[in-house]
Amino acid sequence: MNTAQKIKALRKELHRNPELSGQESATAQRIINFARQYHPSRIISPVGGNGLAIVYEFSGKGPCIMIRCELDALPIEEANAFEHRSVVKGISHKCGHDGHMAIVAGLMSRIEEQSFTKGKIVLL
């Protein structure tokens, strides 16, 4: 599976398995499992509840860049009929957080492809 396929699969998995704010423990674990294949320097979890930080640290001193996204879904019944619709009654990703999370997760492969020598990148 290529990187784009992995990101699309993650987004659909997140969409199928939404969790409300403060209850996103399985979502956080899915992101941790996805992140491990891209060899971050460290993963900090939990952060402020069920949040997490995927950290890439490079050898030289330099700026720190942080990119943030959300994990939670909304208490709204999924009305769509597509294959990756929510399997959780009364909860769905109507806010786009599954897409935002997939975009940020996709940065992990791009970071790994680069030859950064200084600074830090934190995906929160």
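Two strands are taken to pair if DSSP finds at least two bridges between them. With that in mind, V47 stands opposite G51 in β2, and β1 and β2 pair in the antiparallel sense over four bridges. The model is a predicted one.

**The sheet**

- Four strands make up an open sheet with mixed pairing, in the order β1-β2-β4-β3.
- The edges are formed by β1 (42-47) and β3 (60-67), each of which pairs on one side only.
- On average, and with direction ignored, neighbouring strands of this sheet are turned by 20° against each other.
- Helix α3 (residues 97-113) packs on the sheet and touches β2 (51-57), β3 and β4. The direction of α3 makes about 155° with that of β4.
- β3 and β4 (residues 118-123) run parallel and are joined by five bridges. Within this pair, I67 has L123 in β4 as its bridge partner.
- A hairpin is formed by β1 and β2, with three residues between them. In its turn, G48 has a positive phi of about 60°.
- Strand β1 also contains P46, and the peptide bond from S45 to P46 is cis, with omega near 0°.

**Helix packing**

- Two packed helices are described by the angle between their axes and the distance between the axes.
- For α1 and α3, the packing angle is about 150° and the axes are 9 Å apart. Because angles over 145 degrees count as roughly antiparallel, α1 is roughly antiparallel to α3.
- The crossing of α1 and α3 is right-handed. In this contact, T3, I7, L10, R11, L14 and H15 of α1 meet residues of α3 including D98, M101, A105 and S109.
- The axes of α1 and α2 cross at roughly 170° and come within 11 Å. That makes α1 roughly antiparallel to α2 as well.
- On the α1 side, K6, I7, L10, E13 and L14 take part in the contact with α2, where they meet T27, R30, I31 and F34.

**The nonpolar core**

- In soluble globular proteins, nonpolar side chains tend to be buried together.
- The largest nonpolar core here has 21 residues, of which I31, I54, Y56, M108 and L123 touch the most other members.
- At least two residues of this core come from each of α1 (3-16), α2 (25-36), β2, α3 and β4.
- What does L123 touch, not counting residues up to four places away in sequence? Its contacts are L52, A53, I54, Y56, I67, V104, L107, M108 and I111.

**Two residues in loops**

- S86 is found in the loop between β3 and α3. The relative accessible area of S86 is 13%, so this residue is buried, the cut-off being under 20%.
- Leaving aside residues up to four places away in sequence, S86 touches H15, R16, P18, E78, I91 and S92.
- From C-alpha to C-alpha, S86 and S115 are 38 Å apart in space, with 29 residues separating them in sequence.
- H39 lies in the loop between α2 and β1. Although H39 is not a glycine, it has a positive phi of about 50°.
- Is H39 buried or exposed? With a relative accessibility of 57%, H39 counts as exposed, because the cut-off for that class is over 50%.

Note on methods: Residues are numbered from 1 along each chain as its sequence is written. This is a predicted model: local features need pLDDT of at least 70, side-chain atom pairs count only at pLDDT 80 or more; totals for chains, interfaces and linings use all residues. Side-chain values use heavy atoms; hydrogens and water are left out. Axes are lines fitted to C-alpha atoms, for helices over the stretch in contact, and angles run from 0 to 180 degrees between N-to-C directions. Contact means heavy atoms within 4.5 Å. A nonpolar core is a set of buried Ala, Val, Leu, Ile, Met, Phe, Trp, Tyr and Cys residues joined through side-chain atoms within 4.5 Å. Buried means under 20% relative accessible area, exposed over 50%, partly exposed in between (1.4 Å probe, protein chains only). Angles under 35 degrees count as roughly parallel, over 145 as roughly antiparallel, 65 to 115 as roughly perpendicular and the rest as oblique. A crossing is left-handed if the near helix is turned anticlockwise from the far one by less than a right angle, and right-handed if clockwise.
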